[in-house]
Amino acid sequence: MLDEGMLGQLPTTGRALDIACGAGGQSIWLAQRGMEVVAIDVSPVAIGLTERTASEHGVVDLIDARVHDLDSGLPADARDFGFIVCQRFRGRDLYPQIADALEPGGFAIVTVLSSVGLDGSPGEFHAPEGELVEAFGTRDVDIVAQSERDGIASIIVRRPLGEAK
């Protein structure tokens, strides 16, 4: 979904948020692009891996890795991000918070497991068809791209420049 043209539109400076960062792959990528990253995950093990990998890649000073339970929503200081990434974590209550945390011109990419094109029966963490479009289509963001197939749903949204939150 991220072709060269889209990749060129994504910010390379400013603040980024990696939601449910896991081992920190996206956090490292964002920091290597020049962004200051807040990486959050409920697992202290995942945060430890993120910190270790950031150190190995020389970007530890650009990543603020935090243990945070997303069941309570995003951290209180999660706002004004130029880029937000949430990969393979479905938190329906987070969708409006993700949109609201974007600065004007900021992008968010959200990917979740989906019931669309799934080979087998969907589980409780699989989104029904259209969930991301419905959730973000009602927010003050533009849908830049979206895809649902093969058990995965993804959406890229952007807060318009000059858009008041």
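The model is a predicted one, in which local features need pLDDT of at least 70 and side-chain atom pairs count only at pLDDT 80 or more, while totals for chains, interfaces and linings use all residues. Residues are numbered from 1 along each chain as its sequence is written, and side-chain values use heavy atoms, with hydrogens and water left out.

Let us begin with the fold as a whole. The protein contains 5 helices and 7 strands; these are DSSP runs numbered from the N terminus, with helices being H or I of at least four residues and strands being E of at least two. Along the sequence, these elements come in the order α-β-α-β-α-β-β-α-β-α-β-β. The C-alpha trace spans about 40 × 40 × 35 Å along the principal axes of the protein. For 165 residues, a compact globule would have a radius of gyration near 15 Å, and the 15 Å of the protein agrees with this. Here the radius is taken over C-alpha atoms, and the globule rule is 2.2 Å times the number of residues to the power 0.38.

Of the 165 residues, 45% count as buried, a term that stands for under 20% relative accessible area, with exposed meaning over 50% and partly exposed in between (1.4 Å probe, protein chains only). The accessible surface of the protein comes to about 8,200 Å², and 47% of that surface belongs to carbon and sulfur atoms. These areas come from the Shrake-Rupley method with a 1.4 Å probe; for residues, only the protein chains shown count as cover. With a contact defined as heavy atoms within 4.5 Å, 57% of the contacts between residues at least 6 apart in sequence join residues at least 24 apart.

As background, residues three or four places apart point the same way because an α-helix has 3.6 residues a turn. Just after helix 2, Gly34 takes a positive phi of about 105°.

What of the cysteines? A disulfide is taken as a pair of cysteine sulfur atoms within 2.5 Å, and by this rule the count is 0 disulfides. The sulfur of Cys21 has its closest cysteine sulfur in Cys86, 11 Å away, which is too far for a bond. Cys21 counts as buried at 4% relative accessibility, and Cys86 counts as buried at 1%.

Salt bridges come next, each being a side-chain nitrogen of Lys or Arg within 4 Å of a carboxyl oxygen of Asp or Glu. The count by this rule is 6 salt bridges. One of them joins Asp64 and Arg66, whose closest N and O atoms are 2.9 Å apart. Asp64 is partly exposed, with a relative accessible area of 34%, and Arg66 is also partly exposed, at 22%. Asp64 and Arg66 are linked with Asp77 in a network of salt bridges.

Another salt bridge brings together the side chains of Arg92 and Glu131 (3.7 Å, N to O). This pair links distant parts of the chain, as Arg92 lies in the loop between strand 4 and helix 4 (94–100) and Glu131 in helix 5 (residues 131–137), 39 residues apart. Glu131 is buried, with a relative accessible area of 7%. A salt bridge also forms between Asp100 and Arg139, with the closest N and O atoms 3.0 Å apart. This pair, too, links distant parts of the chain: Asp100 is in helix 4 and Arg139 in the loop between helix 5 and strand 6 (142–149), 39 residues apart. Asp100 is partly exposed at 38% relative accessible area, and Arg139 is partly exposed at 28%.

Finally, Val116 sits in the loop between strand 5 (102–113) and helix 5. Val116 is buried, with a relative accessible area of 18%. Leaving aside residues up to four places away in sequence, Val116 touches Glu129, Glu148, Arg149, Asp150, Gly151 and Ile152. Val116 and Gly82 are 34 residues apart in sequence and 30 Å apart in space, C-alpha to C-alpha.
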